[in-house]
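Hi there,

Here is the structure I promised to pass on to you.

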Amino acid sequence: MNHEIDTLREWIAGSDNIVFFGGAGVSTESGIPDFRSVDGLYHQQYRYPPETIISHSFFAANPEEFYRFYRDKLVVRGARPNRAHLRLAELEREGKLRAVITQNIDGLHQAAGSREVIELHGSTLRCYCERCGKRYPVETVNDSEGVPRCDCGGVIRPDVVLYEEGLDEQNLRKAIGYIREADVLIVGGTSLIVYPAAGLINYYRGNKLVLVNLSETPRDSEADLLVRGRIGEVFSQV
Ligand code: APR
């Protein structure tokens, strides 16, 4: 892996237009399990499959069960940014990285100091009334019991994209714009199997597509540089 890291270090040193696209694997070194690794969320046993629970129709039909799972498994308490989050924020401060595009909902990139962060799947740090749209402090959902209700009677929900829901069009447009113009696109900590997010890398037109991942992904063969390893460790060396 050292040769690959030397190349990645060179590409980073030589660019002022780097874009990062990441997933749950970026936060595992902060103690947050990902979804599809052997110890990931989707391999743990529940009454319903997790992908069923975090869907729009399940949320509408069984809000109590949804909130039990959501507060227990998706709300992050006490996790800290790791070396990958911190290095990405530093690269942005150095004027080398233009944007972080993430599928994560844990807010750790912003906690690390990143400013241009596009949260394709929303964030557990925001919530709103699904009837009137009124925004509420995050504690209204994360630190309460049962199904939180708005003054208007509507259900207050987390600002996360559930299965069966579309991604924010403006976020998608911004993400595509950054990726299309990127000199170096670093994709890390994602299995690249959930669309439309995973499809965004198709917009990359450069010749420095970097994949940093612990396990294989369906797009490995397209990488100009493949780094098989723990992303926090890799980013601490570039
Ligand atoms: N360093 C590098 N890669 C890692 C690390 C690490 N420390 N830890 C895990 N990985 C890799 C795993 O090998 C896996 O390929 O990160 C990937 C995480 O994949 P998933 O668990 O599928 O997470 P992600 O790709 O973000 O899932 C996409 O699926 O359920 C939806 O909305 C959810 O945003 C999520 C989306």
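**Aromatic rings and the ligand**

There are 8 aromatic pairs in this structure, which, please keep in mind, is a predicted model. One of them joins Phe59 and Phe66: the ring centres are 4.8 Å apart and the planes meet at 75°, so this pair is edge-to-face. Phe59 and Phe66 are both buried. Phe66 also pairs with Tyr67, again edge-to-face, with 5.3 Å from centre to centre and 85° between the planes. Like Phe66, Tyr67 is buried. Together with Tyr70, the residues Phe59, Phe66 and Tyr67 make up one aromatic cluster.

Now try finding helix 4, which spans residues 63-74. Its buried residues include Phe66, Tyr67 and Tyr70, and also Glu65 and Arg71. What do the buried residues of helix 4 pack against? They pack against helix 2 (50-53), helix 3 (56-61), strand 4 (122-129), helix 7 (139-142) and strand 6 (156-160).

Next, the ligand. It is surrounded by 23 residues, and the closest are Glu29, Arg36, Tyr42, Ser191 and Ser215. By class, this shell has 12 polar, 7 nonpolar and 4 charged residues. A polar side-chain atom of Tyr42 lies 2.3 Å from a ligand oxygen. For Ser215, a side-chain N or O atom is 2.7 Å from an oxygen atom of the ligand, while for Phe35 a polar backbone atom is 2.8 Å from a ligand oxygen. On its own the ligand has 730 Å² of accessible area, and the protein covers 95% of that.

Happy exploring!

Technical notes. Residues numbered from 1 in each chain as written. Predicted model: local features only at pLDDT ≥ 70, side-chain atom pairs only at ≥ 80, totals over all residues. Heavy atoms only, no water. Near = heavy atom within 4 Å. Polar contact = N/O pair within 3.5 Å; in protein donor to acceptor, adjacent residues only side chain to side chain. Areas by Shrake-Rupley, 256 points an atom, 1.4 Å probe, with all protein chains shown as cover. Nonpolar A, V, L, I, M, F, W, Y, C, P; charged D, E, K, R; others polar. Buried < 20%, exposed > 50% of the residue type's maximum accessible area, 1.4 Å probe, protein only. Helix = DSSP H or I, 4+ residues; strand = E, 2+ residues; numbered from the N terminus. Contact = heavy atoms within 4.5 Å. Phe/Tyr/Trp six-rings, centres within 6.5 Å; stacked < 30°, edge-to-face > 60°.
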